[in-house]
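Q: This one is new to me. Please take me through it piece by piece.
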Amino acid sequence: MEKIKVGISACLLGQPVRFNGSHKNSPFCHDVLSQWFDFVPLCPEVEIGMGIPREPIRLVNENNQIRVKNVTDQSRDYTDQLHQLADEKAPELADLCGYIFMQKSPSCGVFRVKVYNTNGMPEVNPAMGAFAYQLKQHLPLLPMEEAGRLNDIRLRENFIIRVFAHQDWRKNVLAEPEPKNLVAFHTRYKFLLQAHSEVDYRQLGQLVADAGVKPIDEILSNYFSLFTACLTNVAKINNHVNVLLHILGFLKTKVTSEVKQSILNLITRYKEQKVHLIVPITMLKHYVELHQIEYLLNQKYLSPYPYELGLRNSL
Ligand code: SF4
């Protein structure tokens, strides 16, 4: 299987690039995700020539501007260099399908990086690391996540879904930007989108209906922005239940009433959080495959990423 190109903070792959010469190896990234992801490691601070070891830096709010400064000598400011690095790297990183950053880092952090005032006191509002922030300006739809947040099973599954969907989009729509490819893409994501947001799913359907009427570039750009926003919402249990019931509806003329009832029981147990999502999905998939219901066989909801990742075993 072709591996998916994903950017990563180099320290998460065990590279000893941190300010003190240590690393922050993530076994999940290094040992598990690397089976499917072709990681592109980068340490922004090393890239701009700060060296190893180096003095620590942090985010400082200076006149309402977030700057990256040496902790003990605030005259040493690395913000512009980190932004410039992101500007330079963005074209070569434009074919990534995701990026995993190290949390809390003034260069790499994506969510809630601590900010200090010029007197060295912590501020209330956090910010993004300078490199991650600037890269996001260039690649706003690239799925970005922090390694620490991947310990949360729902955020982990959400990120992995978005990475695989991003690759699917590139390969099967962007490579041949035709209305029929957009329609096929939207069709196979129907249930997955509905699990994340019914409202967004309907709006996306309206955009697809305009394909062939409006310029395709405009449609694709609007579609993928909303698609990305939709999948970024973590799917709620009730939405999953609605989708599972909808899929069961396709089986009603194919299975006995006893089978239907036993699947319904599993969906109810999932709703009550007594079994994991994988349980009703496995049962439904079994009957979908047994009866070769093509429309459902193509649905990404049933297989959004390789089964071996086992992410729905804990949802
Ligand atoms: S968090 Fe980013 S800047 Fe810091 S060591 Fe890791 S890769 Fe380098």
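**Loops, strands and a helix**

Q: Where is R112 found?
A: R112 is found in the loop between β5 (99–101) and β6. Strands are DSSP runs of E with at least two residues, helices are runs of H or I with at least four, and both are numbered from the N terminus.

Q: What am I looking at, and how do the numbers work?
A: This is a predicted model, in which local features need pLDDT of at least 70, side-chain atom pairs need 80 or more, and totals for chains, interfaces and linings use all residues. Residues are numbered from 1 along each chain as its sequence is written, and side-chain values use heavy atoms, without hydrogens or water.

Q: Back to R112. What is its phi?
A: Near 55° for R112, which is a positive value in a residue other than glycine.

Q: Is R112 buried or exposed?
A: R112 counts as exposed, because its relative accessibility is 65%. Exposed means over 50% relative accessible area, buried under 20%, and partly exposed in between (1.4 Å probe, protein chains only).

Q: Which loop holds N63?
A: N63 belongs to the loop between β3 and β4. Phi of N63 is near 50°, again positive in a residue other than glycine. With a relative accessibility of 72%, N63 counts as exposed.

Q: What about the bond between I52 and P53?
A: The peptide bond joining I52 and P53 is cis, with omega about -10°. P53 itself is in the loop between α2 (44–47) and β3.

Q: You keep mentioning β3. What does β3 pair with?
A: Strand β3 covers residues 57–62 and is joined to β4 by six bridges, with the two running antiparallel. Strands pair if DSSP finds at least two bridges between them. Within that pair, I57 stands opposite N70 of β4. An open sheet of three strands has the order β4-β3-β6, with mixed pairing.

Q: Which strands are at the edges there?
A: Those are β4 (65–70) and β6 (115–117), each pairing on one side only.

Q: Now β1. Which strand does β1 pair with?
A: Strand β1 pairs with β2 (residues 37–42) in the parallel sense, over six bridges. In this pairing K5 stands opposite D38 of β2.

Q: How many residues of β1 are buried?
A: Five of the six residues in β1 (residues 4–9) are buried, so the strand is mostly covered.

Q: Change of topic: which helix has A165?
A: A165 lies in helix α5, which spans residues 153–174. A165 is buried, because its relative accessible area is 2%.

Q: How far is A165 from R18?
A: Their C-alpha atoms are separated by 32 Å, and the two residues are 147 residues apart along the chain.

Q: What share of the chain is buried?
A: Of the 315 residues in the protein chain, 49% are buried.

Q: What box do the C-alpha atoms fill?
A: Taken along the principal axes, the C-alpha atoms of the protein chain fill a box of roughly 75 × 50 × 35 Å.
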